[in-house]
Amino acid sequence: QVQLTESGGGLVQPGGSLRLSCAASGSIAAIYDMGWYRQRPGKQRELVATETSFGRQKYADSVKDRFSILRDNVKNMVYLEMNSLKTEDTDVYYCRADGNESGHDFDSWGQGTQVTVSS
């Protein structure tokens, strides 16, 4: 079972920056897509940023030019650099990865990390 462990959330003032990290562990043969989603109570989980194993990136329009995703395929990690944070970026952020583990496909989510943007 592939496990994803996120870290780096917290409280930040508007205009500030945070960096989220996510580490994948398990008998991983390959990770295809890896990225970040976010969700607030009563809302659907939405894509923030993802990157394929070929380096193709996708961003939500609301975070383009402010957030950057970075994958480390050697360490099976993904990061989310968040700059110019706004109050509407307040959410629980989830890491997601899919790929192959010991001959079986997997699609795993992390437990989530809270990001709060407030003055």
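Reader: What should I know about the numbering and the model before we start?

Author: Residues are numbered from 1 along each chain as its sequence is written, and side-chain values use heavy atoms, with hydrogens and water left out. Because the model is predicted, local features need pLDDT of at least 70 and side-chain atom pairs count only at pLDDT 80 or more, whereas totals for chains, interfaces and linings use all residues.

Reader: Why are Cys22 and Cys95 called a disulfide?

Author: A disulfide is a pair of cysteine sulfur atoms within 2.5 Å, and the sulfur atoms of Cys22 and Cys95 lie 2.1 Å apart, so the pair meets that limit. The structure holds one disulfide. In general, such a link is a covalent bond between the sulfur atoms of two cysteines.

Reader: What makes this disulfide of Cys22 and Cys95 left-handed, and what parts does the pair tie together?

Author: The torsion about the S-S bond is about -80°, so the disulfide is left-handed. Cys22 lies in strand 3 and Cys95 in strand 9, so the pair ties together parts that are 73 residues apart in sequence. Strands here are DSSP runs (E, at least two residues; helices are H or I, at least four), numbered from the N terminus.

Reader: How do you know whether Cys22 and Cys95 are buried or exposed?

Author: Buried means under 20% relative accessible area, exposed means over 50%, and partly exposed is in between (1.4 Å probe, protein chains only). Cys22 has a relative accessible area of 0% and is therefore buried, and Cys95, with a value of 0%, is buried as well.

Reader: Why is the pair of Tyr37 and Trp109 called edge-to-face?

Author: Rings of Phe, Tyr and Trp (its six-membered ring) pair if their centres lie within 6.5 Å, and planes under 30 degrees apart count as stacked, over 60 as edge-to-face and the rest as tilted. The search of the whole structure finds one aromatic pair, in which the rings of Tyr37 and Trp109 have their centres 5.0 Å apart and their planes at 65°, so the pair is edge-to-face. The pair links distant parts of the chain, since Tyr37 belongs to strand 4 (residues 28–39) and Trp109 to strand 10 (residues 104–109), 72 residues apart. Tyr37 has a relative accessible area of 15% and is therefore buried, while Trp109, at 36%, is partly exposed.

Reader: Why is strand 8 called largely enclosed?

Author: Five of the six residues of strand 8 are buried, so the strand is largely enclosed by the rest of the structure.

Reader: What makes a set of residues a nonpolar core, and which residues have the most contacts inside the largest one?

Author: A nonpolar core is a set of buried Ala, Val, Leu, Ile, Met, Phe, Trp, Tyr and Cys residues joined through side-chain atoms within 4.5 Å. The largest has 28 residues, and those with the most contacts inside it are Trp36, Val48, Phe67, Leu80, Met82 and Tyr93. Strands that each supply at least two residues of this core include strand 3 (18–25), strand 8 (77–82) and strand 9 (91–101).

Reader: Why is Asp65 called exposed, and where is Asp65 found?

Author: Asp65 has a relative accessible area of 83%, so it is exposed, and it is found in the loop between strand 6 and strand 7. Phi of Asp65 is near 75°, a positive value in a residue other than glycine.
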